[in-house]
Amino acid sequence: MPLSKVAVSGASGIVGRHLLSRLDQRGVESICSSRSVNSHRPGWVVWDLSDWKSAEELDEMFPDVQAFLHIGAETPEGGQRYRSPDWFDANVRACLCLGEWAAERGIMLIYLSGAIVYSDSDGASLKDENAPLASGEQLGEYGFSKSLGEQVLINLRGKGLHVSILRATAIYGTGQSSDKLISSFLAKASRGEELELDPPTDDRINLVHADDVAQAIILVTDRGAEGIFNIGHGNMVSINEIAGACVQTVGRGKVVVSEKPDLREPISRFNVDISKAQTVLGYRPHVALLDGIARTYKSECF
């Protein structure tokens, strides 16, 4: 059953922007939160996820919501490591804070995790939701924090928490940081530069547009679906194809493959099975690579 009022963490981020657009189109009231206020949207709640909130404070911040869409997270930028312990507080302790509150209040919690939690996430085998998860030693700080966040929420089911966990693949779209692959390619192409690729150029990745992730979140709220769902595009694309699509979109630049020797076998990153989301949620990714890159280029300044 469609909801009338929800709360959204990380509302200013890449998924948040697309999610708010979909919620607005459906006439769903949303209480948005992030570390800084959005002056263009009324009722914005400022909350740094690393700051613990009591149940009473959360009641005041997010009154009468039927679901909490928890897509906010502390992420490393520019290859930098986390400012410990902020990453743990924001990505793990906040799940405990929200999970306990939601369980007590009968509020559904939707948590945006990632396919990064799987063991052998670069392997060619197709991974469903029951595939082995990586250990802390295999994961970087971000992946480890998402895995721990999942574990916290799964354990809170025993206290009555209604939770859905979405393991998204590599997300791109409007609002992504400038150091991401597609943004970097678009910036170089817009300057008429060569996009030089090192072999193997047939590494493949499961890119999913942020609007498709937003679609999946909406479908979960509509159906009240609980459980774990892989969310990706379904079509793996190569680095060469991504670079070519960026050049095609901009109409400038050139893809050049360097003459360096292949030092390893190509990888398939986040090759996940999305059939459960298709069957249970009715999820159908609709943003193809060229369309998604064109949307990103149109909305960003390069």
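**Aromatic cluster**

I looked first for ring clusters in this predicted model. Ring pairs join Trp-47, Phe-62, Phe-68 and Trp-101 into a cluster. I counted rings of Phe, Tyr and Trp (its six-membered ring) as a pair if their centres lie within 6.5 Å; planes under 30 degrees apart are stacked, over 60 edge-to-face, and the rest tilted. Across the whole structure I found five aromatic pairs. I then took up Phe-62 and Trp-101: their ring centres are 6.3 Å apart and their planes stand at 50 degrees, so this pair is tilted. The pair links distant parts of the chain, 39 residues apart. Phe-62 is in the loop between helix H2 (55–61) and strand E4 (67–70), while Trp-101 is in helix H3 (residues 86–105). Helices (H or I, at least four residues) and strands (E, at least two) are DSSP runs, numbered from the N terminus.

Are Phe-62 and Trp-101 buried or exposed? Phe-62 is buried, and Trp-101 is buried too. My cut-offs: buried is under 20% relative accessible area, exposed is over 50%, and partly exposed is in between (1.4 Å probe, protein chains only).

Next I noted Trp-87 and Phe-88, an edge-to-face aromatic pair with 6.0 Å centre to centre and 90 degrees between the planes. Trp-87 has 10% relative accessibility and therefore counts as buried. Phe-88 has a relative accessible area of 36%, so I list Phe-88 as partly exposed.

**Ground rules**

I number residues from 1 along each chain as its sequence is written. In this predicted model, local features need pLDDT of at least 70 and side-chain atom pairs count only at pLDDT 80 or more, while totals for chains, interfaces and linings use all residues; side-chain values use heavy atoms, with hydrogens and water left out.

**Strand E8 and its partner**

I turned to strand E8 (residues 194–197). Its covered face has Leu-195 and Leu-197; its uncovered face has Glu-194 and Glu-196. E8 pairs with strand E13 (residues 254–257) in the parallel sense, over four bridges. I call two strands paired if DSSP finds at least two bridges between them. Which residue of E13 stands opposite Leu-195? I found Val-255 there.

**Helix H7**

I checked the length of helix H7 (residues 239–250). Its twelve residues, at 1.5 Å each, should span 16 Å, and the end C-alpha atoms are 17 Å apart, which agrees. The expected span is 1.5 Å times one less than the number of residues. Buried in H7 are Ile-242, Ala-243, Ala-245, Cys-246, Val-247 and Val-250.

At 30% relative accessibility, Asn-240 counts as partly exposed. Which residues does Asn-240 contact, leaving aside neighbours within four places in sequence? I noted Leu-197, Thr-201 and Val-255. Contact means heavy atoms within 4.5 Å.

**Whole chain**

The protein chain has nine helices and 14 strands. Of its 302 residues, 51% count as buried. The C-alpha trace spans about 60 × 40 × 40 Å along its principal axes. For 302 residues, a compact globule would have a radius of gyration near 19 Å; the chain has 19 Å, which agrees. That radius is taken over C-alpha atoms, and the globule rule is 2.2 Å times the number of residues to the power 0.38. Among contacts between residues at least 6 apart in sequence, 80% join residues at least 24 apart.
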